[in-house]
Each structure stands twice: as C-alpha cells, then as structure tokens.
Amino acid sequence: WFLAWMGLEINTMAIIPLMAQQHHPRATEATTKYFLTQATAAAMILFASTMNAWTMGDWNINQISHPLATTTVTLALALKIGLAPMHFWLPEVLQGLNLTTGLVLSTWQKLAPFALILQISQNTNPALLTTLGVMSALVGGWGGLNQTQLRKLLAYSSIAHLGWMIIILQFMPALTLLNLTIYITMTSTMFLSLKIMASTKINSLALAWPKTPTLTTLIMLSLLSLGGLPPLTGFMPKWLILQELAKQDLPITATIMAMSALLSLFFYLR
Amino acid sequence: MALTSARLLTRTVHEKWICAHSLTLRPLVCINKAAFYGEYRRPGQAQDRTPPWKKIRFSFAKGVQGIRKHFGLLKDEAMERWVGPQGRPLIEHMLEQTRVQWEFRGPESLEQWLVSTDREIGGRSEAYLKLGRNDSACMLYGTLCSTPPRDGETCYSGYCTLRSRQLLSSFDRKKNIDWSSFNTLYIRLRGDGRPWMINIAAETYFSHQKDDLYNYFLYTRGGPYWQDVKIPFSKFFLSSRGRIQDNQHPLWLDKVSTIGFTLGDKADGPFQLEIDFIAVCNDRAHTEEFAYEMYKRNPEV
C-alpha cells in the first residue's frame, strides 16, 4: 500500500505541470482543485492502509480486510476517479484544461486508481459499491443535460461510465476492465476529434458538418457509442452489465441503470 | 539622553524612508502604514470589532418569506433543466447569434444596477441613475469632482461607476453568464463626449484575483444621435486594482459575473450617459483570439 500511495502521488505531481502549462487563471484554478482533491484522496488511502496495517498487521493491497479501512480506501479511490458523490471537482477541472490534457485526465489518470480498485474489489462493501455506481450513473446523466460546453459534457459522461464500471465490480471484475478499456477508446476518439476540430462548445459542432463531414460523422458515431446505442461497441459493456445484474437478482438496480443510460443518451443525441 | 537621541535618530530615518518611498513610487493612496490587503477603511474610522452573532437581526416573517422565495427558485431551476440550457430550448442556444443581456424598459431594470462614486472614500462626486424618456433607456448623470478628500491619505479622487449586480440563483448562490457563443459586446448608448471604461468581471477562484477586471475604453461621441459600440472581447485587457497586468490573457466568456462603466477622466463637471441596451453578438468576421502580446518575461537566452 505504501508503494501504491507513492505511485499515486508521483502520478498526481507529474500531471500538475501539464495542467498548469496554459498560463491562464482558469488552468491554474483547475490545477489547484485537482491537486487538492487528489492529495486528499491519497492522504485518505495512506491513512486507511496504515490503519489496516496497525490492526491486521498486513500491508498487502489485496489483504485489506478491516471494514473501516476498506470503506475509507474505497471512498478515497472514488474521490480519485470522480465517482458521485465525490464528483464535483471533475467538470470544473476539465473545463479549465485544454483538450489534450483533458484527454489524459479522463483516460490515463483513471488507470492507477482502477488498478487498486480491482485488487480490493473482493473485500469491499457491496452496498457501498452499488450506491456509488447508481449515484454516479444518475448524476452523470442528470448533470450532462443542458451542458453546452463539450468538456463538461464529457466530464459528466465520464462520471456516468465510471458508475457502470463500479456497479459490476463486485460480481464480475472482468466486465469492469472491459468497460474501462472500451470507455478509454471511445473517450480518446472523442477528445482527439474535438481537438482536430478545435471545438469546445456545442455550437461549433453544429457548424462543423460542411467543413469536415467525415470527422463530424465520426464524432456522431462516437457519441452514440458512448450513449450505448446498438450496434455500436459501446452497447456491449452495458448489455453485459445489465445481463449480469439480472443474473444476480438485482432487477431494480438494472432498471435504474438502464434509465440513467437513457438520460445520458438523450444529451448525446442532441 | 543617549536613548532619546537614538530614538530621535531612528524616527527621523524612518520618516525620511517613508517620504522618499512615497515620492518615488507615487502610489494611488499615500499610505503611512501598510494597509491590510483587501480591507479599506476610511481614515479615522475604527475597525469594526462587532462579533458576527451580534449583527444578526432575526425576523420570523422574513425568514419564512426567504424560505419560500429560495425554494421557489430551486423548483424553477429544476423545471428549467427539462427545457434546456438556462431554461430555453437547446435549438435557441444553437442558433442564436445575438442576445440582449440588459435593457432598460422599466423601473425593475434599474434594480439590477449599482451606482457608486468617490463619496465612499470621502470625495464630492455625485451620480444618479434614472429611466429616460418613455422608459426606453437609462440615464446615468451627475457631477464629477476631482478634489481629493482631506483625510491625509487619499491623493486622487473623481470617479463614478455603474455596475451590474451579481446574478444570484436559489439560496443566494452566484450565477454566472455564459457568453461563450459570442465574441463581441454590442452597446447602444448616447454619451456626452467623455471617455468611459468598460469593466467586465469574470468568476475568479483565488483571493488575489478578486479585484481582477477586464477593461476596454469607451469613447462617447455626444450629440443627439445614438451610438452603436461594438467591442470584440479579444480587445479586453486584464487589470487588477486598476493597474494593467504584465501577464495578459484573454477573457474566458463562460463565467462572466458583471459588467460596469467607469468615468474617471479627471475633468470636473457634469456628465451624462444614456444606455439603451447592452447585448452580445457573434461577429463571424472577427477571428482574432487576443489582441495583445502574451510575451514571456525573462525569456531563456
């Protein structure tokens, strides 16, 4: 756990200069907010792992078994990746960054916390994971409505997708990994396309079709894939997750997740 | 005796230092002691040491009224969300190329504005805001007097300003204006030939940014005809506490707080400014992102 904590801190410190390179107060604000949230989460992780080592005598990542330590670590990792209800920093931070740094934040920065989440998944409180997942999916769908800034829209999309990944973690971690991989692919596509078009608002997307029809079509397909519309790739993880939830006798949870996916699809389609 | 001489000597040296310092730097306010950053008190005014709980004026009726008002606003915000951004359909947002943000068509429009002058620091300027003829414009009028107050500290005076109030949503949360679809400020006004300054304040995060404003000049023509002023947002430059900053950056339009007009041209006498509306528009021909050099200070050789 100590080495994992060190790795997370180095990861945070490394991206801070990349975020602040724009020399604009909004970039500095985003960097400060990101640093504060990540440092808080890292401190919580260190605290929880130390507590577990003190009570159980074990520093191994997948041997964390003290209930309070496990809950604290889960909440800290949720804060790290931006799961609801610890998601408030993500839209503001993404809005203050340029598209390239936003891409790194949305994709690469999720890998390290997820590696830890996957390792502790068997010891985590199932109710907590379900709550985090459902809340994230709902908040991601609700928050993304009426967003006109594309970076904030993708931030809420990220929150919703993270909800889907977390909810299935306790039943089938392989699906979480699949969902994460597909999410990273789709989000990278979106960010890179927006970077080529240099557009950060919905208005500029609306005027893009005569200038770059191919890229506009690609963006449209990526958005529909993010929304989980068949037969695109984004439908597959959602379908498998709903199937697994149904097998685990959680129809209400599956229904709520499907409804929240409809919310997300609504703003993607617009 | 030696001690008295030493005290006299140090006091003389200290006074000479302050005198030399103030002469060379010529600050806006001649200060004898360091002023606490962000706190301005009129000279001679004692610091307010009243504890916060003694300032509360509890009123049950007002409390109930406030609760009703804020929950009503919250409900409206939740309902607006189903319609579209800022309560308007998304198609309107996508297609709009102009938006009138403030227009003066009735007495309630004047309540969105604050007028202030150097009276707050002891000056003698006056400014008033009223509706124009046929309730079709507002008129800001008054008299400037650049005589500084005789308080031993203030060196300069003679300004007045008209600033929009910060928009508030439910529970007095700040609400910012999103002008990111537009790139030009469009104002229809009629002045008296005096030069004004337009100040736009955006949402800030750090405490040292609280006095950051984005300024540009507004030269009025005077005369009977209305003047249409179009200023691209790329022309606005950053200043803090009235001083232009070396590190310039463009104004980000997604979180604009207030707009203001300031007159401080060191000319004593009456002034008058009529404003019909303040709008924003999207000038497709204007592609400049920022008008000023963003040079690096201390570049590597």
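Residues 35–56 of chain A are 100% helix and 0% strand, with the end C-alpha atoms 31 Å apart. Helices (H or I, at least four residues) and strands (E, at least two) are DSSP runs, numbered from the N terminus. This is a predicted model, in which local features need pLDDT of at least 70, side-chain atom pairs count only at pLDDT 80 or more, and totals for chains, interfaces and linings use all residues. Residues are numbered from 1 along each chain as its sequence is written, and side-chain values use heavy atoms, with hydrogens and water left out.

The UniProt record (unreviewed entry) lists residues 35–56 and 153–171 of chain A among its "transmembrane region" features. Such annotations may be inferred rather than shown by experiment.

Helix H6 (residues 108–120) and helix H9 (residues 173–197) of chain A pack at an angle of about 170°, with axes 11 Å apart. Axes are lines fitted to C-alpha atoms over the stretch in contact, and angles run from 0 to 180 degrees between N-to-C directions. H6(A) and H9(A) are therefore roughly antiparallel, a term for angles over 145 degrees. In H6(A), A:Leu111, A:Phe114 and A:Leu118 meet residues of H9(A), including A:Leu177 and A:Leu180; contact means heavy atoms within 4.5 Å.

Chain A is divided into domain 1 (1–118) and domain 2 (125–269), with bounds from an automatic or database domain assignment. Their C-alpha centres lie 21 Å apart.

Notes:
Chains are lettered from A and ligands numbered from 1 in the order in which they are written. Angles under 35 degrees count as roughly parallel, over 145 as roughly antiparallel, 65 to 115 as roughly perpendicular and the rest as oblique.
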